Amino acid sequence: MEDFKIKNLKCEDGKWAVDGINLASYQKTIGWTVFTVDPDGDPLETYNAVAGFQSMQRKQISLGLSCNIPFEDLTLRFR
């Protein structure tokens, strides 16, 4: 997504979080899925969410999975 960026990875209340930024000049609804997989590629943990963003808005979004899971093990998909 060219007009949606994520920044500032942090651990907030024990869950991974990032700042989502809508760079578009119009309102957008953004959905995301975060998941981990086992060595065979099968999903282990999954988190889905949706949030509305006003034009040029920045807000913190939860990635929903524990900070005990190394961030490198998470796969993120935005839509």
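Begin by selecting Asn22, which lies in strand β2, residues 15-22; strands here are DSSP runs of E of at least two residues, numbered from the N terminus. The model is a predicted one, in which local features need pLDDT of at least 70 and side-chain atom pairs count only at pLDDT 80 or more, while totals for chains, interfaces and linings use all residues. Residues are numbered from 1 along each chain as its sequence is written, and side-chain values use heavy atoms, with hydrogens and water left out.

**Stop 1: around Asn22.** Asn22 is buried, with a relative accessible area of 0%; buried means under 20% relative accessible area, exposed over 50%, and partly exposed in between, with a 1.4 Å probe and protein chains only. Show its side chain together with the backbone of Ala24, and you will find that the Asn22 side chain reaches the backbone nitrogen of Ala24 at 3.0 Å. If neighbours within four places in sequence are left aside, Asn22 is in contact (heavy atoms within 4.5 Å) with Asp3, Phe4, Gln27, Lys28, Phe53, Gln54, Ser55, Met56 and Gln57.

**Stop 2: the sheet.** Next select β3 (residues 28-37) and β4 (residues 43-53), which run antiparallel and are joined by nine bridges; two strands pair if DSSP finds at least two bridges between them. On this pair, Ile30 has Ala51 in β4 as its bridge partner. The hairpin of β3 and β4 has five residues between the strands, and there Gly41 takes a positive phi near 90°.

Four bridges join β3 to β6, and Trp32 stands opposite Phe78 in β6.

**Stop 3: Thr33.** Stay on strand β3 and select Thr33, which at 18% relative accessibility counts as buried. Its side chain makes a polar contact with the side chain of Arg79 at 3.5 Å; such a contact is a pair of N or O atoms within 3.5 Å, and within protein one must be able to donate a hydrogen and the other to accept it, while residues adjacent in sequence count only if both atoms are side-chain atoms. Beyond neighbours within four places in sequence, the contacts of Thr33 include Thr46, Tyr47, Asn48, Thr75 and Leu76.

**Stop 4: the core.** The largest nonpolar core has 15 residues, of which Trp32, Val34, Phe53, Leu63 and Leu74 touch the most other members; a nonpolar core is a set of buried Ala, Val, Leu, Ile, Met, Phe, Trp, Tyr and Cys residues joined through side-chain atoms within 4.5 Å. Centre on Leu63, whose contacts outside four places in sequence include Trp16, Val18, Trp32, Val34 and Phe71.

**Stop 5: the disulfide.** Finally, select Cys11 and Cys67, which form a disulfide with their sulfur atoms 2.1 Å apart, the cut-off for such a pair of cysteine sulfur atoms being within 2.5 Å. The pair links distant parts of the chain, 56 residues apart, with Cys11 in strand β1 (residues 4-12) and Cys67 in the loop between β5 and β6. The torsion about their S-S bond is about 115°, so the disulfide is right-handed. Cys11 counts as partly exposed, at 45% relative accessibility.
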